[in-house]
Protein chains: 2
Amino acid sequence: MIIARTLAEVRQAIQGKGAAGLVPTMGALHEGHISLISASAQECDFTSVTVFVNPTQFGDNSDFDLYPRTEAEDFEKAEKAGAQLVFAPSAAEMYSGTGVSVRAGSAANGLEGASRPGHFDGVVSIVAKLFTLFYPDRAYFGLKDLQQCAVIQQLIDEQLFPIELRLIETLREYSGLALSSRNERLSPTDKAQASKLYHEMMEAASAAAGGQPAGQALNRLNARLETAGFQVEYTAFVDPKTMATTETPHRLSRLAAAVQLGGVRLIDNVPVI
Amino acid sequence: MIIARTLAEVRQAIQGKGAAGLVPTMGALHEGHISLISASAQECDFTSVTVFVNPTQFGDNSDFDLYPRTEAEDFEKAEKAGAQLVFAPSAAEMYSGTGVSVRAGSAANGLEGASRPGHFDGVVSIVAKLFTLFYPDRAYFGLKDLQQCAVIQQLIDEQLFPIELRLIETLREYSGLALSSRNERLSPTDKAQASKLYHEMMEAASAAAGGQPAGQALNRLNARLETAGFQVEYTAFVDPKTMATTETPHRLSRLAAAVQLGGVRLIDNVPVI
């Protein structure tokens, strides 16, 4: 596996390598990321994984500073999962300081976009760079970041990237807790508690699928989550393409939520079935 | 020569065509554009010309509506100059309506950027699309739009486009008037008068090159232009990479100006020699 640090190294390494898969990550790779890399390795001739904690998508420095850095382990895991190249650039390599940036589309409105102003502009700015640099045939993103998936699809559509977006379903611990780099910040007690988020969401989604009015299902969900010790930021039934909230969820809708538990922010989303 | 109207037609036409040159235009092709197309035809295996009056770079609708449309003649001229493909899409083909857009960098500050708010954001948004669609080896722009050249170079640098920007010197009528689609809106009297812009600018640039303080040279220039019937919007010595104004012009600086004459807005720039 090639480890590239500069744009020039990437450009040299990827030339003429056949069908290319790209897995953009911020490192701290867990089984969720591994499933993306494995999917790419199966479907593409040449899989590149990027490891870059992108400063422009963090609202405040403390979250950026706290984000786990585990580069050596990340490289090993990426190689084992089938990657041919890892690109781990410096911030100076990725940002020239011209001030050029990309603005996310309408799918960035509300939910995470409302809770984290500027976050999705930072995401599309860095992802557009990686798309142009790698010009991959397919790009792999995890459905755990549901709104990010919609925002990236709009980036692809609007900026005419000839890239197939492959969305991979969320991996979970046996308890139901969605895999996330942030889970490491939970205390053992909170981690046990955190799994209730998924189960309460599944119950609400199922109730809505069974005919309970959406508002009623969400009110009950919020109350049960607060009782279980979560601070609810939002819960909503959404169209996963537009991220518009809906009062009449159907089988293509998702139930999305953001909560805080013991100072750690958790997001999750589940199908309406 | 291929005439493409859709993204799909472009993608099919440009595949495997060797070194690709791209000449983005808004149509109404004059000899200035022809020189760009000819340069590309000489240097590249496959030259594509785009003809698209981009709505997002116009501040008000009247200027957009007034912009000349001469499609049939444009196609003929492009072919004669050596283009292999012309792409003339509809607005719906180029804009999906997601709201994703690109923000221009620091070179867009001041001068044209100040006179035309949002103009350069519109320019980089459409040019980024064309760059991703054509993914050319070289892109050709005219130095007459000096600030646009700097803004596009920042777009290339920041968004990692592997594109060589080729800047072509301004073509002029025998009178000295810079070729521009907007010249057609000048009355015959105004057109004769308009050529003074270039000569006054050359004199000021030459005075500055000869040691006259920049401020003094600009004051004299502004006074002479106003006397000649121009309304001066700005005159400035600038660094053509950053578009920062400078009090101490040198041989890499340019003198840039925007004026109005008989309701027509004219811009020009000249070297400091």
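In strand E5 of chain B, Val102(B) is the bridge partner of Val102(A). The model is predicted, so that local features need pLDDT of at least 70 and side-chain atom pairs count only at pLDDT 80 or more, while totals for chains, interfaces and linings use all residues. Residues are numbered from 1 along each chain as its sequence is written, and chains are lettered from A and ligands numbered from 1 in the order in which they are written.

The bridge at Val102(A) belongs to a strand pair across the two chains. Strand E5 of chain A (residues 101-103) pairs with E5(B) in the antiparallel sense, over 3 bridges; two strands count as paired if DSSP finds at least two bridges between them. Helices (H or I, at least four residues) and strands (E, at least two) are DSSP runs, numbered from the N terminus.

The interface involves 26 residues of chain B and 26 residues of chain A, contact being defined by C-beta atoms, placed from the backbone, that lie within 7 Å. On the chain B side, at least two residues each come from helix H1 (7-14), strand E5 (101-103), helix H7 (119-134) and helix H8 (146-159). This side of chain B holds 12 nonpolar, 9 polar and 5 charged residues. In this classification Ala, Val, Leu, Ile, Met, Phe, Trp, Tyr, Cys and Pro are nonpolar, Asp, Glu, Lys and Arg are charged, and the others, Gly among them, are polar.

Chain B superposes on chain A by a rotation of 180° with 0.0 Å of shift along the axis, at an RMSD of 0.0 Å. This is the relation of a two-fold axis. The superposition is by least squares on the C-alpha atoms of residues with pLDDT of at least 70 in both copies. Within chain B, the C-alpha nearest the axis is that of Val102(B), at 2.2 Å. Because 100% of the interface residues of chain B are also interface residues in chain A, the copies meet through the same surface.

Chain A contains 10 helices and 10 strands. Its C-alpha atoms fill a box of roughly 55 × 40 × 35 Å along the principal axes. The radius of gyration of chain A is 19 Å, which agrees with the value near 19 Å for a compact globule of 273 residues; the radius is taken over C-alpha atoms, and the globule rule is 2.2 Å times the number of residues to the power 0.38. Of the contacts in chain A with a separation of 6 or more, 70% join residues 24 or more positions apart.

Chain A is assigned domain 1 (2-168) and domain 2 (181-271), with bounds from an automatic or database domain assignment. The domain centres, taken over C-alpha atoms, are 26 Å apart. Domain 1 gives 12 residues to the contact and domain 2 gives 15. On the domain 1 side, helix H6 (112-115) and helix H8 (146-159) give two or more residues, and H8(A) supplies the largest share, 3 residues. That side has 6 nonpolar, 5 polar and 1 charged residues.

Buried residues make up 45% of chain A, a residue being buried if 20 or more other C-beta atoms lie within 10 Å of its own, exposed if 12 or fewer, and partly exposed in between. Pro24(A), in strand E2 (residues 20-25), is buried, with 24 other C-beta atoms within 10 Å. Leaving aside residues up to four places away in sequence, Pro24(A) touches Thr50(A), Val127(A) and Leu130(A).

Technical notes:
Two residues are in contact if their C-beta atoms, placed from the backbone, lie within 7 Å.
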